[in-house]
Amino acid sequence: MIETDLVVRYAETDKMGIVHHSNYFVWFEVARTELIKKVGISYSEIENNLGVYLPLISCGCEFKKPCFYEERVKVSARVNNLTPVRIKFYYEVVKDHVVCAIGYTEHAFVDKNFRPINLEKKNKELFNLFKTLLEENM
C-alpha cells in the first residue's frame with residue numbers, strides 16, 4: 001500500500017464547493033502510479049520498454065463525505081486482485097482520519113495492439129512485481 005498526500009485545488013471543486021466526482025479518478029491514478037513506482041518501475045517503462053499496457057476495463061467509487069477546497073487528503077492505493085490477464089486496485093481517500101471515498105479500478109494486460117496478453121507468460125518478472133504488491137496486503 002502507498003499513501004499520497006494531496007491538497008484539493010480550486011479547479012477540482014464544483015459549484016457546490018465540493019470536489020467534483022471525476023477528480024477522484026485522477027487522484028486514484030496519482031496513487032496507483034506511486035504504488036507501481038514502489039516496486040522499482042514506472043508506468044512509462046512498462047509501456048515503452050516492456051510493451052505492456054494496462055487499459056481500464058472497470059471502475060467505481062463510493063462517496064462517503066465531501067472534500068472541499070484547500071483541504072488536505074491522503075489517497076491510498078493497493079492491489080487487491082491479480083490474475084495473469086487483469087489487475088485490480090483499491091483506493092481510499094481519507095481526510096482527518098475519516099474515509100471520504102472508496103474506489104477501485106480494474107485493468108487488463110494488453111500488448112501495443114491492445115490484444116489481451118497473459119502477463120505471467122509474457123513477462124514473469126513484471127507479473128511478480130505486481131504479485132509483490134498484492135502479497136503485501138494479505
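Val52 touches Ile46, Glu47, Phe109, Val110, Ile117, Leu119, Lys122 and Leu126, leaving out residues up to four places away in sequence, and in this predicted model the residue sits in the loop between α2 (43-48) and β2 (56-63). With a relative accessibility of 0%, Val52 counts as buried, although its C-alpha atom is separated by 34 Å from that of Lys64, 12 residues apart along the chain. The points below set this residue within the chain and then turn to other positions.

**Fold and overall dimensions**

- The chain holds four helices and five strands, and read from the N terminus the elements follow the order β-α-α-β-β-β-β-α-α.
- The radius of gyration of the chain is 16 Å, which agrees with the value near 14 Å that a compact globule of 138 residues would have.
- Along the principal axes, the C-alpha trace of the chain spans about 50 × 30 × 20 Å.
- Of the contacts in the chain between residues at least 6 apart in sequence, 67% join residues that are at least 24 apart.

**Surface and charge**

- Among the 138 residues of the chain, 38% count as buried.
- The accessible surface of the chain amounts to about 7,900 Å², and carbon and sulfur atoms account for 51% of that surface.
- The chain carries 19 positive and 19 negative side chains, with the centres of the two sets lying 5 Å apart.

**Cysteines**

- The structure contains zero disulfides, and the distances between sulfur atoms can be read against the 2.5 Å within which a pair counts as a disulfide.
- For Cys59, the closest cysteine sulfur is that of Cys61, and because the separation is 9.0 Å, the two are too far apart for a bond; Cys59 itself counts as partly exposed, at 38% relative accessibility.
- For Cys100, the closest cysteine sulfur belongs to Cys67 and lies 3.8 Å away, which is too far for a bond, while Cys100 is buried, with a relative accessible area of 1%.

**Buried positions in strands**

- Leu6 lies in strand β1 (residues 2-7) and counts as buried because its relative accessibility is 18%, under the 20% that limits this class.
- Leaving aside neighbours within four places in sequence, Leu6 is in contact with Trp27, Val30, Glu71, Arg72, Val73 and Val75.
- The C-alpha atoms of Leu6 and Val93 are separated by 9.9 Å, with the two residues 87 apart along the chain.
- His107 is placed in strand β5 and, at 2% relative accessibility, counts as buried.
- Not counting residues up to four places away in sequence, His107 touches Arg32, Tyr43, Leu54, Pro55, Leu56, Ile57, Val85, Arg86, Ile87 and Phe89.

- Asn123 is found in the loop between α3 (119-122) and α4 (124-135), where the residue is buried, with a relative accessible area of 17%.
- The C-alpha atoms of Asn123 and Val8 are separated by 38 Å, and the two residues are 115 apart along the chain.

**Positive phi in loops**

- Most residues other than glycine have a negative phi.
- Glu70, a residue other than glycine, has a positive phi near 70°; its place is in the loop between β2 and β3 (72-82), and Glu70 is exposed, with a relative accessible area of 53%.
- Asp96, which is not a glycine either, has a positive phi of about 50°; Asp96 lies in the loop between β4 (86-95) and β5 (98-108) and counts as exposed at 65% relative accessibility.

Methods: Residues numbered from 1 in each chain as written. Predicted model: local features only at pLDDT ≥ 70, side-chain atom pairs only at ≥ 80, totals over all residues. Heavy atoms only, no water. Helix = DSSP H or I, 4+ residues; strand = E, 2+ residues; numbered from the N terminus. Rg over C-alpha atoms; globule rule 2.2 N^0.38 Å. Buried < 20%, exposed > 50% of the residue type's maximum accessible area, 1.4 Å probe, protein only. Contact = heavy atoms within 4.5 Å. Areas by Shrake-Rupley, 256 points an atom, 1.4 Å probe, with all protein chains shown as cover. Lys, Arg positive; Asp, Glu negative; His and termini not counted. Charge placed at Lys NZ, Arg CZ, Asp CG, Glu CD.
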